[in-house]
Each structure stands twice: as C-alpha cells, then as structure tokens.
Amino acid sequence: MGRLLAVIERDLRKFQRNPVVAAMSVLMPILYLVILGNSFQGKLKDLPIVVIDHDSGPYSRRVIENLRAIESGQKIFSIMYLKDQKMALDGVRDGLYKAAVIIPHDFSKRVSIKKTPEIGLFVDNTDGISSEAIRNSIEGAIRSIRQEHVSIREKQDEIYLRGIDLYAKVDYYQSLVPGVVIMAIFLGTLTTGVFNLVMDRFLGIDESYLLTPLSKSHIVGGLIISGLSITTIIAALVLTVSMLMTGIPLSKGFEQCAAIFLVVTLTTLSLLSLMFVILGRVNHPRIVGILSGFLNVILFFPSGAVYPIASFPDWLKAFAKVNPEAYAVDALKAILFKGANILTILEDIAFLFIFTFAMTTIAIITFKRTL
Amino acid sequence: MQKANAIEVNNITKRFGSVTAVDSVSFNVSEGEFFGFLGPNGAGKTTLIRMLTTLLKPTSGSAIVACCDVARQPDAVRREIGVVPQAMTSDLDLTGYENMDIYGRFYGIPMKERKERISYLLEMVGLTNRANDLVAAYSGGMRRRLEIARVLVHRPRMLFLDEPTIGLDPQSRHVVWDFLRKLRDGDSITIFLTTHYMEEAEALCERVAIIDSGRIIAIGSPNELKSQIPGKDIITLAIGNLSENIINAIKGLPFVHKINIEDNIVRVYVDSGAHNLPALIDAVRSAGGNVTSATIHEQSLEDVFIHYTGKTIREEEAKKVSFLTGAGVPLKWGR
C-alpha cells in the first residue's frame, strides 16, 4: 500500500509542478462548449440568399412578403435584391449567396390562370445542410400562396398530432454538456496516467523505478489512480462551469451529485485503463499525439453526444455497444436531463465497471517490467 | 580465506535480432570488491549491466547477483542492489529530497528510518543545502551525486554504476570518485562499475574485466593486466616513411619486446623507455626512417586494451554505431 501511495504521490507532485497543464485541462473543454455550441448550431440562420423579381405582379409581391416574414421571424436567411440574373447566379457560384430565387415575368399571370406557375431556386448544393434548409423554408413560403383563404382551424375530420414533452426543455447548449464533460475526461485521461509512463520512458527515467521492487500492479495501478484523482477534479470543474453557463438545474441535490460523481469516476477509470492498454508500450510522446486526435474522434462522435446512436449504420452501432463514452453520455444525459437515479442507469454503470476491470487486467498483464 | 561471491555470471548471452551484444560472458565478483568493466562504447557493457540488474532478460546463460538468479527471482535481486543507470534518471520536477523520499518508499522503508538515512546521505554527497530545490536547477555533477545517494537509501549490498562520470567535468568526476572510494572503504559495499575511461578503472577498481565486441578479453587487477604486457614502458614513434625495412630494424633491436603498428604510428614495448629511446631512433634513421615525433609513457590499461585487441579504445568507438546497445540512444519502438 505504501508503495502504491508513493507512485501516486510522485505523479501528483509532478502534475502540481506544471500548473499550466492543469489550467489548460479545465479551460479547453469549456472552450469546446463555446465553440462547438456556436459552430454546430441546432438551427441555421442568416444564410444569404438573393431574390430577382422579373414579374413585379401581385403574386410575386406576395411571395416576397412571405420570404420577408421568414427573414424577420425564423431568420433562416437574409435577403438581397438584385435586378441582374447573371450577377445573382455568379454570386451563388462564388459563394456570396447560398441560393438565388428567380421569379419569372409571367409568374402572376400563370398563377391567376392556374397554368403551372414556376419559381426558380438555384442553390449551392455543395453545402448540403444550408441548401436543404433553404429549399424547405422557401417551399413553405410558396405553398401558402395557394391558400386563397385563411383555413378553418382544426377541421373535425383531420388527424392532429399533439407533442408532449416528457422532461423539462433541453436547449441545444445544454444538450452538449454531457459531451463536453466526456471530452474533459478524455483529455484528462490522455494527459495523465499512461502518458506519464510514456514520458518517463522517452526521458529514460523509467529505468529508475523499474530497478526497484515495485510490482506491475503498483506501477499501473498507481498511475491510474493519480490520473483518476486529477481527471475527476478537472471533470467536476468543467461540469460545474458548463452547468452554470447553460443553466442546467440540479433538481435532486445530493442524490444527483452522487450519481454524477459515480459516472464521472467510472468513465475516467474506463478511459485511463483503455489508454493503458493502447499506449502501455509506447515510448515516444509523438505517438500519443498522433493517436489522441484519432481516439478522440472514434470514441467521441459515435458516443451519442452529438448525434443519436439509433441513426448509426449497424457496424457503427456495434462499435457504440463497446464504446465506454457511449455509456457515459447515456448515463450523464439521464442524470442531468431526466433526473435519473443510480438504479435507472445501472446498465451503464455495470458496463463501465466491467470495462474498467477488463482493461486494467489487460494493462497489468501486458505491462513490460523489463526494458 | 576465500571471500563469498557477490556476483556469479555463467556464459551469459544477449542477442538483439542478429546482433550479439553480449557473447557468452562468465566471471565472478567477490563480496566487498570494487570491480570494473572497461571497454569502448558499444562493447556490451550497458547490456551486461542491464541483465545483471534485472532490466533485460538474458538470451541464454545465467547470473546470480547478491542472493538470487536475476531471471528467476528479479524482485529479490532488486531489493539487494542499488543501480545508477547511465542516463540521468532523477525527476526534474521533484526536489532532491522528494526524489530520495519517494525512492525510499518504493522499497517500503519506514518513515523515521527513511528520514535519517536521507539526511545522512545528502550530507555525504554535499547536497544538504540544496535538498529542497527542484532537481531541474541542479548541475550535472549534483544530479549525478543525488542519483548515487538515492540508490543507497535502502542500504543495498551491491552498487551498480553504468558510466557514472560520463559527461562530468574533471572536478565533478573526482568528487564522484572520492565518494565511491569512501563507500567501499566505509560501508564495504560491493561495487560494480562500467566505464570507457581507462584512468577511472585504474583509479578505482581492484579488478577489471576488459570487454570488446561482447566478449571478455582479459580480466585481473590493473597491475596483473599490465604485467601481462611485455616491458614496462611504451615508446610511441610517428615515422613519416614507414616501411617493412624500418619495422624489421626495430624488431631486431635486443631491448624491444613487442611492437604494434597503426598507420604510421609504431608502439614499441621496452623495459626502460628513457634509456632505450636514443638507440631506437638511431636504428630507425639508419634504416632510412624519418621520425617526426616520439613519446614515452608508462603502461596503462589503454595499452592492455591495445595489447589484446591491436587497436585503441577510441578507434574502436569510432567504428561502432551502437544504436542497439548504446545506453544513451533510445531503443527501437516498444523496446
């Protein structure tokens, strides 16, 4: 026990002497929240489009009014008006506008005589997300022109769907918080634990403790525990700050905190032991650098933090089944947004526990006690 | 009475792929002896010391160190030995005291005993005043002294040092030498050291094994080794137009025991250099030789190396690229 504590203390003291690393480990995930939240917005807005009205008739004016209503209401796009069709299309090609709406000169006439009126929509289809959103909202704007009269609300013979939210509303920023916490844990586990072993090896310092009677479990266990204590503190700070920033309430107090703590601890242990299995024999920090981006992508994106796992193709779903981050995200979402207690997330906890146990065992067995 | 053996090595061999770093080496070291391994870089010294200290598994052969077989009971061996590897291995982010304290805890030494031992050792290596400074602020010599002190915290019966003074200035080197002598005399620890400095082996070791290309080529006390070379002195002549004729003329002189030639440098083994030099130069001249320089020196271990291998240590080093065996170079991925 004394030996294990010595390994832990050595590691913690070294970390404490590098306050910059500690500060960055907290700041970076929070910056993720800000940048991810703003660059990956749930709703699109302010997409620039251009409108050319060759018609100037009563119906074309109504189309433009409807477009303006969207511009000032949902704000999906902002409208520029041009006379020159070529200039407008060149603008779309040059990326100045996302789309050009062309209303031909006989539009109003064709509407009134009901002879297949048409409006041209030229879109920059290389930007799939924007073009799809613009197409949908403009289609909506045009469709309402056909309805000459205000329709009667709730016709008796029609079927209506009523949505009922089971939980308190979760806005886009809030929905990112579990992912950001997982990201903080990932970063923490990558820069502590086995990474310190890789650095010692790189600097040739590992020789000094390989020469002592420390066992494999002392070395692996000690590094995992020191990594755990650092990472849980980082994760707790990141979680607290992001909850305050996005206004997620702690509705159930202590019980909720305990559940969060358990999930964060088990997730950290899972990732620390996983890193040990992957990086246990690496002797150059550059290899960790190369792998870090890769591991982050393959663990984080299929975790359900940004996109629902149900929509993944089968092979990716299979991967998500063994991805500890997927279980962590599921558990954190349940605790933060659904007020779940430990019993409801038992499956996630069981998986993370077994995963940690298996990975730690493999790490200890595969750890090389000689040079 | 014969002293007990502290180290018994039997045909120990280490291969890295097709390279044989240590080739069937056998020797014994007695309890309390100061034993040196002398040889050029890449000769296999570090590989050997790593096998004796449990860091590498031998490909074949065996070694008993302190009490036990290094391959079978590595943990028991680790408890009995202190090892100062060639590379500096103290933690730069920790203070000198913390380095020693944590190391002592790796051995499970109780706190009170640890504290006393550390302050005694820090005093001994003259680092008491700097004990609470980060090692990052230490000079190379201080760091080396700390590392020697550190591996003594658990009172090892044997001390292994791999090139302990490499990279140190002459003054720091002498401080380390004095400290090692004190250790042997005061604490009667068995000391095993490797070096490629002749004068280090000569100054410290009771017995020396000379190693080249993974094999022991000679073993004995420095004096014994030197006595195997004929003559007492060596005259080194640089001869501009060296020829077969001149060489035969030198060999023909009655006082010449042996000669050794490298390029245009001729080493002549004689009993009294000062006495025989004039006659030697005369002989070279009358055979048509042109002596451009002449030096006389007493035999050293360097000459022992030359005697057995026909080349100087420095030349031998220049030839070798020791990427597999050199301690200073990181080994291939995963080691």
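**Close-up views of a two-chain model**

View 1. With a relative accessibility of 38%, B:Glu206 is partly exposed. (Buried is under 20% relative accessible area, exposed is over 50% and partly exposed is in between, using a 1.4 Å probe and protein chains only.) Everything in these views comes from a predicted model, where local features need pLDDT of at least 70, side-chain atom pairs count only at pLDDT 80 or more, and totals for chains, interfaces and linings use all residues, while side-chain values use heavy atoms, with hydrogens and water left out. As for labels, residues are numbered from 1 along each chain as its sequence is written, and chains are lettered from A and ligands numbered from 1 in the order in which they are written. B:Glu206 makes a salt bridge with B:Arg184, their closest N and O atoms being 3.6 Å apart; the term means a side-chain nitrogen of Lys or Arg within 4 Å of a carboxyl oxygen of Asp or Glu. B:Arg184 is buried, at 17%. The two partners are 22 residues apart: B:Glu206 is in the loop between helix H7 and strand E9 of chain B, and B:Arg184 is in helix H6 of chain B. (Helices, H or I with at least four residues, and strands, E with at least two, are DSSP runs numbered from the N terminus.)

**View 2. Salt bridges that share partners tie A:Glu9, A:Arg13, A:Arg17, B:Glu98, B:Asp101, B:Arg105 and B:Arg114 into one network.** Start with A:Glu9 and B:Arg105, whose closest N and O atoms are 2.7 Å apart in their salt bridge. This pair joins two chains, because A:Glu9 sits in helix H1 of chain A and B:Arg105 in helix H3 of chain B. Buried or partly exposed? A:Glu9 is partly exposed at 23% relative accessibility, whereas B:Arg105 is buried at 14%. Setting aside neighbours within four places in sequence, B:Asp101 is in contact (heavy atoms within 4.5 Å) with B:Arg114 and B:Ile118.

**View 3. B:Asp23 reaches across the sequence to B:Arg215.** Their salt bridge has its closest N and O atoms 2.8 Å apart. It links distant parts of the chain, 192 residues apart: strand E2 holds B:Asp23 and strand E10 holds B:Arg215. B:Asp23 is partly exposed at 22%, and B:Arg215 is partly exposed at 47%. B:Ser24 also lies in strand E2. Phi of B:Ser24 is near 50°, a positive value in a residue other than glycine. Most residues other than glycine have a negative phi.

**View 4. B:Arg150 is buried without a salt bridge.** You'll find B:Arg150 in helix H5 of chain B. The nearest side chain of opposite charge is B:Glu147, 5.0 Å away. (Lys and Arg count as positive, Asp and Glu as negative; His and the chain ends are not counted.) Leaving out residues up to four places away in sequence, B:Arg150 touches A:Ser208 from chain A, along with B:Thr89, B:Ser90, B:Asn99, B:Met100 and B:Tyr103.

View 5. The buried area is about 3,000 Å², with carbon and sulfur atoms giving 56%; that is the accessible area (1.4 Å probe) two parts lose on being put together, summed over both. A:Leu211, A:Pro213 and A:Leu371 lose the most area on the chain A side, together 24% of what that side buries. The interface has 6 salt bridges. One joins B:Asp91 and A:Arg10, with closest N and O atoms 2.6 Å apart.

**View 6. A:Leu36 sits in helix H2 of chain A.** A:Leu36 is buried, at 16%. Beyond residues up to four places away in sequence, A:Leu36 touches A:Tyr172, A:Leu176 and A:Val306. The loop between H2 and strand E1 includes A:Asp46, which is partly exposed at 47%. Phi of A:Asp46 is near 60°, a positive value in a residue other than glycine.
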